[in-house]
Amino acid sequence: MLKSALLTTAAFGAAALMTAATASAHNYMTTLRAPAGYMADLEARVAHGCLAEDVTEVRLKIPEGVYRVTPLTTRDWEVETEMREVDPPVPGDGGRPITRTVDTIIWKNPSSPMLYNRQEGFKFRAKLPNEPGKVLFWQMVNICPEGRDPYTDLPETALDVKDHDFAKKFEELMGSSAHVAPYTVLYKPDMPQYPWEWSAEDMQLTGMTPSEQTAEAK
Ligand SMILES: [Cu+2]
């Protein structure tokens, strides 16, 4: 009895893992792990067209807590942004309050087709929330002349790597549908992003001690 129950569980586990592995054949973020609180250069990857149709438009929704979003210039797509209110406002660059932020980035009207059997990256820069352990979900929709391919499913409750049953919950989510939104896991960085924010301890992580710096400066 016990043995067959274990086998069944193992078989389920393998099926879920396979689903999780094949999930990378859908839209995904090329950066699956990103440092919490950093300004980050990110890329959402469209992995294929809508069945055999070429993609003509890509929409990406910016998760809560992600600000200062700038899409990269591309000469192949028209890029538009839709905005949302930030209420209450949050402190932005230089302390100025952010009252509006990018809600959705839209890439459309490509100068040449995004072929259904090729991948393409959609790039932008954004300030990530300083919440190590949090999983950000980037809802995306690929639009084709006839069909569309939504990757918009979200977990019912927020996922955090620090939860003791995180792995189980995450595996369940990835196995639950073929339309789970692309994700990025935020991790705690070794040191702040910019050198002027580094402490003496952070400096040591770079392999230089403050005294070596002084010696070098002489
Ligand atoms: Cu897919």
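**Two open sheets, strand by strand**

Modeller: S1 and strand S3 (residues 39–46) run antiparallel, joined by 2 bridges. This is a predicted model, where local features need pLDDT of at least 70, side-chain atom pairs count only at pLDDT 80 or more, and totals for chains, interfaces and linings use all residues. Residues are numbered from 1 along each chain as its sequence is written.

Biologist: What makes S1 and S3 a pair?

Modeller: Two strands pair if DSSP finds at least two bridges between them, and S1 and S3 have 2, so they count as paired.

Biologist: Why are S1 and S5 called edge strands?

Modeller: Each pairs on one side only, in an antiparallel open sheet ordered S1-S3-S8-S5.

Biologist: Which strands make up the sheet of 3, and how do they pair?

Modeller: The order is S2-S12-S9, with mixed pairing. Strands S2 (33–35) and S9 (135–137) each have a single partner strand, so one side of each lacks a neighbour in the sheet.

Biologist: Why is S12 called mostly covered?

Modeller: Buried takes 20 or more other C-beta atoms within 10 Å of a residue's own (exposed: 12 or fewer; partly exposed: in between; C-beta atoms placed from the backbone). In S12, 4 of its 5 residues are buried.
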